[in-house]
Amino acid sequence: MKEMSRIVKIVTNFIYGFIIIFGFYIIAHGHLTPGGGFQGGAVVASAFALLLISYGQMKAKKFLNINIFSLLESCGLTMFIVVAFLGLGTTFFYNFLANSGSWFGNMVIPGINPGDMNTAGVLPLMNIAVGLEVFAGLGIIVLLMADGAEYTKKKENAENDR
Amino acid sequence: MIGNFPYITVIIYIGCGIYILMFQKNLIKLAIGINLIENGINLFLITLGFKKGAVAPIYTQAPSGQSMVLPTPQALTLTSIVIGVATTALILSMAMMIYKHYGSIEVNEVRRLRG
Amino acid sequence: MNLLNHTPILILALPLLAAFLIPIIGKINKKATGIFATLVLGLSLILTIILAVKILSVGPQIYVFGAKSPLLTLPSSLKFPIRIMFQVDAMGIFMGLITALVSFLGAIYSLAFIDKKDGLDSYYSLLLLLTVSMFGMEFTGDLFNFFVFLEIASMASVSLICYRGTDLGEPVEAGFKYMVVSSIAALMVLFAIGIFYGEYDVLNIAAIASVIKYSQLDKIALGILVSVLAMKAGAVPMHMWTPDAYSEAPAPITMILVAASQASLYAIFRVVFSLYNITLNTLAVGWIIIIFGLLSMFIGVTMAIIQKDIKRLMAYHAISQTGYMLLGVGVGLAVLANPTALQRYGITAMEGGIFHIMNHAMYKGLLFLTAGALFFRTGTRDLNKMGGLAHYMKYTTIFFIIGAAAIAGLPPFNGFASKLLIYESVYKFNPLLSIIAMVVSILTLASFVKVFHSAFLGPKLPQFIEVKEVPRSMVFAMAVLSFIIIFFGLFPDLIVKNLVHPAVMSLIEQFKYTSTVLGGM
């Protein structure tokens, strides 16, 4: 796909970092505010889609590498299942870090509270794993569909030239 | 009667989706039809948890003294939305592959398996 | 940490972990992915057998996710269960054994069958995900969990059907049709789950079963669930996706897809027997399931006789045999409220239907694997182009004869045992149904004699002069299935008494299902 005009590229340069940071904010605060793994991952993937549209497919492939995304996706999924396995001393998916005083382990005050980030045990870890997996996965989908669109456009242009 | 308005919207969504699936011949329009049915079902699930005069079920800095809507259907709807994203991505990829092989995305021209 | 308590979840979690690790392993060495997947599925099979021995001797097994102990169903001061749980009773582990065996043999067969070097790690990863989703559908005790596993199964199987879609266009068309049908089926299942949640405020099957009243909304939910799950199982008149999907998928995937369709059939039985039981009008719903069964049997076999493509013919036979299972269990459902008729022939009809599920997975799997072997060596699926292959592929011929005799219902193979149970008990219910079933069996035999004659008999053809026997891993998978077919045919009494009868009693007795979770309330 063709790259867009200079104004769009300048605005993209400013803004795509903020979109990625906002996405990570949504992932990390999933246990306090609305959001979590999937929602934050989708926001980060929309930053990649923005890069793809504004720079065109040929230039965007230089800084979005499919192999790294594939590795990140597998790492995210494996981290999710390994964290679930770690609770196997009691049950699968047991929240062994909640209310325990260690990493993410403060006591939770029941009811309405201003929200402490250091609570809820295993949930932020799983949110981060799912967020990693979702943004890598959606990034791969967007890149491969752009490849497919490029291929069909080349085929159509070749047919129209004949 | 006015409280039933979300449910009537659900029926309209699902009805439009089924109409599109039955009568349209373009593969991308079939993907849109499935997406419409799915939006209708998500709306149905969220409407099930409604209580009069309640706020969103978030404890962080919530206003005190008010009831909250049921949070379980919201978790079900979230899962359904994620599944819908994956389904749409798969159907659109298959439509692209069919275009690559046959050069057309009308159902009448693409169909080779009969009997 | 007593590992035996955690077996229901380890059967699922180990293939799931392996499915996520395979892309990482695939970047290092491509061939190791297949061997790793086969080892993990073998481990799952061993764990399933251990769990089966425990359930058949002790009783149903529960596993609650994320609780302080695996058996803590009712948390403190609550009267209904709130966590997701697995509830494995005799019927669930019966289906689990079929799934474990079929997936393990499919992975062994794939080691030699799949010769495309490109997407090999995706293939094994998706195969493991499909296995995990089938186990999840059969073990779960929670309705929404069932919906999630149903969607995972449909997405994994669509991706696997389109596996050859990079070179050809027909697999993608078959996959597209299957994806649209699966999407609608899963969304309507979610609609029915929404109706249940809105009425009773719980999602656990045992909890809903203890408070259900057969109101108007429940009737709507029952209608939606039975028809939509029958669509996923391939019953007529919703069977249009089955011939395309089964014929265009690679052969080991077709075998696993047959088991996945039977998992949807298991879901119909679970909903009708354990969720509703005698609160519904058993005669009416039973007759509806019987009509589905009759239509499937007859239309499946008549469409199969005229086919030229060998896998499409076998796919229509799969529809026809699904009709037998629906007929047997439908007769059992129709007499559920009538204790004398239930004892006389109802339980036997259900035993026939449920035993037929396992027999069908075995002999249909064997037939699809032989069709795959023929495609692997000759490169074609068209019966008009094949001929005289018995001279070159001796083992495949013997396995095909065993499979064809089993599906036609000839003794001493296992098809005869389950079909005889169905014929005898359905005759006492209504003689006409039994006669239609026997006629269908004769037509099945006719069509398989046609296939045997076209593909295997005849003089040696010059274009097949360098066709050899298939590789050893494929022969091993087919040999294991043949051995099981002959063993079940010679000793059906052992299997029916130890595996099938507990499964049937666990479906009929709804009180045992709910009291395991709710503690006798």
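**View 1. Domain 1 of chain C and domain 2 of chain C bury about 3,800 Å² between them.** Of this area, 82% lies on carbon and sulfur atoms; buried area here is the accessible area (1.4 Å probe) that two parts lose on being put together, summed over both. On the domain 1 side, Tyr109(C), Val236(C) and Phe273(C) lose the most area to domain 2, together 17% of what that side buries. You are looking at a predicted model, where local features need pLDDT of at least 70, side-chain atom pairs count only at pLDDT 80 or more, and totals for chains, interfaces and linings use all residues. Residues are numbered from 1 along each chain as its sequence is written, chains are lettered from A in the order in which they are written, and side-chain values use heavy atoms, with hydrogens and water left out.

**View 2. Chain C splits into domain 1 (1-274) and domain 2 (281-490).** These bounds come from an automatic or database domain assignment. The domain centres, taken over C-alpha atoms, are 23 Å apart. Contact (heavy atoms within 4.5 Å) joins 44 residues of domain 1 to 45 residues of domain 2.

**View 3. Glu248(C) and Arg381(C) meet through their side chains in a salt bridge.** The N to O distance is 3.4 Å; the rule asks for a side-chain nitrogen of Lys or Arg within 4 Å of a carboxyl oxygen of Asp or Glu. Between the two domains, the salt bridge count is two.
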